[in-house]
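I'll jot down what I looked up, in the order I looked.

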Amino acid sequence: MSPGTLAPFFSTIASGSGRRVSLRSCAGRPLVLVFHGRENAEVVQRVNRALRERYPRAEELTVASVIDLSFVPPLYWGVASMELDRAFRQAAAELPDGVDPKDYVVILPDWTGSTTRKYRARGARHEAVSVVVDADSTVLGTVEGDDPAEPILAALEGRSGGR
């Protein structure tokens, strides 16, 4: 995704919370989409920790984990969904008291791979791809790799960070 382009529309139901999350529902605040697979899910945890130090309130920033599940046959979607719900509960249990997990743990299953394709993050199962979007739905940058927190912060703060 090239900086300055309009972010593609997406809409999906978040695992665990059942909340509909879309580009429109996130409008008005920056959005960080972290595309990843099971093998590199810890990247999202590291990104969340680093970004929440600078942006502690959910109204300041949405961080969402997007998992391409297009390789999972529909017959197994129920099992995969239960696993994602378990991941939501586990992440929610680690949050401080008084924090609403649905605002801080945003796990977006991409069952058909359409969001992953739109955001050009096809290799994310092997190497995380983060896309930083501003409050007006404009792409600020894309960061690839397993340690994207600092470049994401740079993109959010207007410093050169993403490509």
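**Entry 1: the end of H5.** I started just after H5, where glycine 158 takes a positive phi of about 80 degrees. I keep in mind throughout that this is a predicted model.

**Entry 2: H5 itself.** Stepping back into the helix, I asked how many of the eight residues of H5 are buried. Six of them are, so helix H5 (residues 149-156) is largely enclosed by the rest of the structure. I noted their names: Ala149, Ile152, Leu153, Ala154, Ala155 and Leu156. Next I wanted to know what the buried residues of H5 pack against.

**Entry 3: the whole chain.** Read from the N terminus, the elements go β-β-β-α-β-α-α-β-α-β-β-α. The C-alpha trace spans about 45 × 35 × 30 Å along its principal axes. For 163 residues, a compact globule would have a radius of gyration near 15 Å, and the 14 Å I see here agrees with that. Of those 163 residues, 46% count as buried.

I also looked at contacts between residues at least 6 apart in sequence: 64% of these join residues at least 24 apart. The accessible surface comes to about 8200 Å², and carbon and sulfur atoms hold 52% of it. For the charges, I have 20 positive and 21 negative, with their mean positions 5 Å apart.

**Entry 4: aromatic rings.** My search for aromatic pairs gave three. In one of them, phenylalanine 10 and tyrosine 119 have ring centres 6.2 Å apart and planes at 75 degrees, so I wrote the pair down as edge-to-face. Phenylalanine 10 sits in the segment before strand S1 (11-13), while tyrosine 119 is in the loop between helix H4 (114-118) and S6, so the pair ties together parts that are 109 residues apart in sequence. Both phenylalanine 10 and tyrosine 119 are buried.

Tryptophan 77 and tryptophan 111 make another pair, with centres 5.0 Å apart and planes at 35 degrees, so this one is tilted. Tryptophan 77 belongs to helix H2 (residues 77-93) and tryptophan 111 to the loop between strand S5 (106-110) and H4, so the link is between parts 34 residues apart in sequence. Tryptophan 77 is partly exposed, at a relative accessible area of 29%. Ring pairs also join Phe10, Phe35 and Tyr119 into a cluster.

**Entry 5: threonine 116.** Is threonine 116 buried or exposed? I got a relative accessible area of 1%, so threonine 116 is buried. This residue lies in helix H4. Leaving out neighbours within four places in sequence, threonine 116 is in contact with Phe35, Val66, Asp68, Asp110, Ala121 and Arg122. I was pleased to meet Phe35 again, a member of the ring cluster.

**Entry 6: serine 137.** My last stop was the loop between strand S6 (129-133) and strand S7 (139-144), where serine 137 is found. With a relative accessible area of 13%, serine 137 falls under the 20% cut-off, so I logged it as buried. Which residues is serine 137 in contact with, leaving aside its neighbours within four places in sequence? I listed Thr5, Leu6, Ala7 and Leu23.

Conventions:
Residues are numbered from 1 along each chain as its sequence is written. This is a predicted model: local features need pLDDT of at least 70, side-chain atom pairs count only at pLDDT 80 or more; totals for chains, interfaces and linings use all residues. Side-chain values use heavy atoms; hydrogens and water are left out. Helices (H or I, at least four residues) and strands (E, at least two) are DSSP runs, numbered from the N terminus. Buried means under 20% relative accessible area, exposed over 50%, partly exposed in between (1.4 Å probe, protein chains only). Contact means heavy atoms within 4.5 Å. The radius of gyration is taken over C-alpha atoms; the globule rule is 2.2 Å times the number of residues to the power 0.38. Accessible areas come from the Shrake-Rupley method with a 1.4 Å probe; for residues, only the protein chains shown count as cover. Lys and Arg count as positive and Asp and Glu as negative; His and the chain ends are not counted. The place of a charge is taken as NZ of Lys, CZ of Arg, CG of Asp or CD of Glu. Rings of Phe, Tyr and Trp (its six-membered ring) pair if their centres lie within 6.5 Å; planes under 30 degrees apart count as stacked, over 60 as edge-to-face and the rest as tilted.
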